[in-house]
Amino acid sequence: MEPILQIAGLTKTYPGGLTALDDVHLDIHKGEIFALLGPNGAGKTTLIGAVCGLVRPSGGTIRAFGEDLSRNWRAARAKIGLVPQELSTDMFEEVGRSVAYSRGLFGLAPDPARMEEILRSLSLWDKRKEQIRALSGGMKRRVLIAKALAHDPQLLFLDEPTAGVDVELRRDMWRLIGAMRERGVTIILTTHYIEEAEEMADRVGVIRHGKILMVDDKAAMMARLGRTEAVISLPVSLEDIPVSLAGYPVTLSGNGKQLVYRGGDGSGKGKAEVAALTKALTLAGIDYDGIDIHESSLEDIFVDLVEQRNGGTA
């Protein structure tokens with residue numbers, strides 16, 4: 001099946017020489033949730049802007065729904081929704097009118113029932129007669145989400161949708177994303193809350209300095225790049241690692257009172273090796289009084305990957 005979005009060789013260089021996107025290749029599949037992770041200034045918002053017609057690329061191609069955006073932008077854009085990072089809307093407009101207007105911009109007939117459904121799903125129905133400027137920051141972000149959903153897009157971009165918002169909105173947002181996914185909407189999100197990507201995304205891409213460092217299924221990425229770390233506390237200090245433990249990836253720390261294991265591959269191998277390590281300690285007559293085991297999260301993998309590609313600094 002042809003991807004719903006195909007990006008090939010995409011570049012963007014601004015006057016002055018800043019390269020925001022550098023030969024980006026990316027395919028997005030229908031119905032998936034794709035998380036694009038990267039530090040500030042990595043190119044995430046520029047990439048979204050290029051697809052949504054807000055940024056003119058310097059080179060490369062973008063195809064959405066089989067249409068070349070450089071030739072038939074309007075047809076494809078009508079199927080794309082965007083929740084921008086910045087709060088930008090007509091602050092003196094009423095909530096309900098603003099959302100309905102967004103639907104009309106795409107040439108769709110008024111649909112009061114659909115507007116009510118969207119507003120209620122975002123707890124905005126009771127605010128529909130209020131001017132946007134009178135709302136709290138969290139409610140204003142809900143309005144942006146409602147406006148993006150007004151024309152029932154098939155591909156939805158969420159640029160840092162929960163940055164700086166309250167816990168209730170974050171919870172409502174992820175519940176709404178789940179509902180949209182069930183309806184077949186394809187979702188691309190950027191987020192600083194990597195645990196959200198770990199919870200929701202099917203695939204993850206990592207971008208830095210305008211380059212895509214990696215794209216993979218979330219589970220496959222965690223299995224390939226994940227690690228197990230175990231800190232074994234010892235009641236008596238060791239001067240050296242015993243010969244019987246030479247086959248394990250362990251080091252000494254804490255003045256010889258901690259044996260640190262770092263290994264595995266995210267598939268459970270690490271836990272099995274830690275279990276074998278404790279048996280080896282017992283056979284060697286070495287006591288231990290505590291074990292602290294940590295499995296890599298998606299955030300750990302992201303930080304490690306970005307540091308490796310940046311010469312060891314984040």
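Helices here are DSSP runs of H or I with at least four residues, numbered from the N terminus. Keep that in mind as you look around this predicted model.

**View 1. Ser 102 sits in helix α3.** Start with Ser 102, which belongs to helix α3, spanning residues 95-105. Is Ser 102 buried or exposed? Its relative accessibility is 8%, so Ser 102 counts as buried, the limit for buried being under 20%. Leaving aside residues up to four places away in sequence, Ser 102 touches Lys 147 and Ala 150.

**View 2. Helices α5 and α6 meet.** Here the axes of α5 (residues 137-149) and α6 (residues 167-182) come within 11 Å and cross at roughly 15°. That angle makes α5 roughly parallel to α6, because angles under 35 degrees count as roughly parallel. The crossing is right-handed. On the α5 side, the contact is made by Gly 138, Arg 141, Arg 142, Ile 145 and Leu 149; α6 brings Glu 168, Leu 169, Asp 172, Met 173, Leu 176 and Met 180.

**View 3. Six strands build an open sheet.** Follow the strands in the order β6-β7-β8-β3-β9-β10, with mixed pairing. At the edges lie β6 (80-83) and β10 (211-217), each pairing on one side only. From one strand to the next, the twist averages 15°.

View 4. Strands β6 and β7 (residues 155-159) pair in the parallel sense over four bridges; Gly 81 has Leu 156 of β7 as its bridge partner. Helix α5 packs on the sheet and touches β6 and β7, with its direction at about 175° to that of β6. Helix α6 lies across β3 (33-37), β7 and β8 (186-190), running at about 150° to β8.

Note on methods
Residues numbered from 1 in each chain as written. Predicted model: local features only at pLDDT ≥ 70, side-chain atom pairs only at ≥ 80, totals over all residues. Heavy atoms only, no water. Axes fitted to C-alpha atoms, helices over the stretch in contact; angles between N-to-C directions. Helix = DSSP H or I, 4+ residues; strand = E, 2+ residues; numbered from the N terminus. Parallel < 35°, antiparallel > 145°, perpendicular 65-115°, else oblique. Left-handed = near helix turned anticlockwise from the far one by under 90°. Contact = heavy atoms within 4.5 Å. Buried < 20%, exposed > 50% of the residue type's maximum accessible area, 1.4 Å probe, protein only. Pairing = 2+ DSSP bridges.
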